[in-house]
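Hi everyone, thanks for coming. Please take a look at the sequence and the model on the screen, and then I'll walk you through a few places in it.

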Amino acid sequence: MVPMDFPPYPSGLRLGGRRVVVVGGGNVAQRRVPQLIAAGADVHVVSPEATPAIEGLVGSGEVTWHRRRFEDADLDGAWYVVAVTDDPAVNDRVSELAEQQRIFCVRSDDATRGTAWTPAVGRHAGVTVAVLGNRDPRRSAAVRDEVLAGLRDGRIAAPHHRDRTPGVTLVGGGPGDPELMSVAGRKALMEADVVVADRLAPRELLGELPADVELVDVAKLPRSRSAQQAEINRVIVERALAGKRVVRFKGGDNFVFGRGYEEVIACREAGVPVTVIPGLTSPVAVPAIAGIPVTHRGITHEFTVVSGHLPPGHPESLVDFDALGRLRGTVVLMMGVENSPEIAKALLVGGREAGTPVAIVCDGTMPTQRTVLATLSTLGETVATERVQPPAIIVIGEVVRVAFPDSFPDPFPDPGTPADG
Ligand code: SAH
């Protein structure tokens, strides 16, 4: 064998349509195969057994499985071979044949005896990051993760390569913690020329914006809500028509009580290209962060998200509170702090039990987050005595009991146990 103590020569193999043989069907193979598939390789797995994940890929036609032991002829026509059996003798045979046929060969059991090494790989926005950490896989993975994180959050930037096509992108920022924002959303934010941000958007991220980015703070636009929306529509359209990349940055998801679609329509009417990056929406994410599932097997088969910004019976209200009272599933009330006493009353009149458990989650995912418990009959009073302020998510239903069993008496006491014996 040729001495191998030189550093590896990095190269990006273009394996599209080319035969690649993976000898072995265990956990190492399972980790390698998806990346080979992603590269478009014609992947052949040779192994008497395969993990369920590999079998799944066989079932969907993404790899060919030769369900037997390795035979010399398996390497015929191969461009690349991965020897990952747990039998060193088989791996030896594979790498020996590969050497003769000048096929680069990776060996999992002893990398020094392979002719190729698998780097730790990640991709971000069309860039492939591959790290060979001196045969220390943990170090490779750690360096790769650090580089990817830097690319994602903008610490590593190639500013003149950023996407500069003008247009508007609606970006959902999630419930508040910047860690809960999508990778695509962060990237769009870092590439923006103009950012139009709401009060509930994860504001810490705005501090990371490059200095030349124009920041339009909607919270500082005076005037009524409808005038404010008209002004937002005007600003995003005007800046995009001036050739800027505009990000409309909101808390949660822009289409959940976020007036996002009005902005889509305004852009369309002005001929401005508009794209949407969804966000983690607070009626699902905030209960989750507070430890409350919005559904639970055997407890509820539905959850209903309701805006409480108008009280029941208000002429402009579009909510059928009677119907909500008749449902038994979870109700997630948004923008409902102020009207919670009336809403609780309407749900009781509609048929909900007075003891229905309620959780009020305030400032979800923020350092000031707190959860206040109540029942439907005490909700109004609790909101007042606990001085609950928006933003808050009010979760109504048996899922709250699932999350806090000790705080609510059992609604169905065991009838088999006499009160005193
Ligand atoms: N588009 C947002 C919702 C905007 S409406 C989304 O998809 O989440 C504003 C309401 O959302 C608030 O009144 C409150 O009910 C809820 N909300 C948003 N973020 C919240 C948070 N971090 N904690 C608690 N409630 C939140």
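Let me start with a question: is Lys220 buried or exposed? Lys220 is exposed, with a relative accessible area of 68%. The areas themselves come from the Shrake-Rupley method, and for residues only the protein chains shown count as cover.

Two notes before we go on. This is a predicted model, where local features need pLDDT of at least 70 and side-chain atom pairs count only at pLDDT 80 or more, while totals for chains, interfaces and linings use all residues. Residues are numbered from 1 along each chain as its sequence is written, and side-chain values use heavy atoms, with hydrogens and water left out.

Back to Lys220. You can find Lys220 in the loop between β10 and α6 (225-241). Helices (H or I, at least four residues) and strands (E, at least two) are DSSP runs, numbered from the N terminus. An unreviewed UniProt entry annotates Asp198 and Lys220 as "active site"; UniProt positions are given in the numbering used here, feature names are shortened, and annotations may be inferred rather than shown by experiment. The two are spread over 23 residues of sequence, yet they cluster in space, with a largest C-alpha distance of 9.3 Å.

Now for the other residue, Asp198. Asp198 sits in the loop between β9 and β10, and Asp198 is buried, at 14% relative accessible area. What does Asp198 contact, leaving aside neighbours within four places in sequence? The answer is Arg203, Val218, Arg248, Phe249 and Lys250, where contact means heavy atoms within 4.5 Å.

Arg203 on that list takes us to salt bridges. A salt bridge here is a side-chain nitrogen of Lys or Arg within 4 Å of a carboxyl oxygen of Asp or Glu. Arg203 makes one with Asp217, and their closest N and O atoms are 2.7 Å apart. That pair links distant parts of the chain: Arg203 is in the loop between β9 (194-197) and β10 (214-217), and Asp217 is in strand β10, 14 residues apart. Arg203 is partly exposed at 34% relative accessibility, whereas Asp217 is buried at 13%.

How many salt bridges does a search of the whole structure find? It finds 24. Another one joins Asp92 and Arg107, with the closest N and O atoms 2.7 Å apart. Asp92 lies in helix α3 (residues 88-101) and Arg107 in strand β5 (residues 104-107), so this pair ties together parts that are 15 residues apart in sequence. Asp92 counts as partly exposed at 27%, and Arg107 is buried at 4%.

Let's move to the inside. A nonpolar core, as used here, is a set of buried Ala, Val, Leu, Ile, Met, Phe, Trp, Tyr and Cys residues joined through side-chain atoms within 4.5 Å. The largest one has 22 residues, and Val358 and Ile360 have the most contacts inside it. Several elements each supply at least two residues of this core, including α9 (321-326), β14 (330-334), α10 (340-350) and β15 (357-362). The largest share, four residues, comes from α10. As background, nonpolar side chains in soluble globular proteins tend to be buried together.

Phe257, Val284, Phe303, Val305 and Met335 make a nonpolar surface patch of about 410 Å². Patches are made of residues with over 30% relative accessible area and no salt bridge, with like charges joined within 9 Å and nonpolar side chains (Val, Leu, Ile, Met, Phe, Trp, Tyr) within 5 Å.

One last stop is Leu318, in the loop between β13 (303-307) and α9. Leu318 counts as exposed, at 85% relative accessibility.

Technical notes. Accessible areas come from the Shrake-Rupley method with a 1.4 Å probe; for residues, only the protein chains shown count as cover. Buried means under 20% relative accessible area, exposed over 50%, partly exposed in between (1.4 Å probe, protein chains only).
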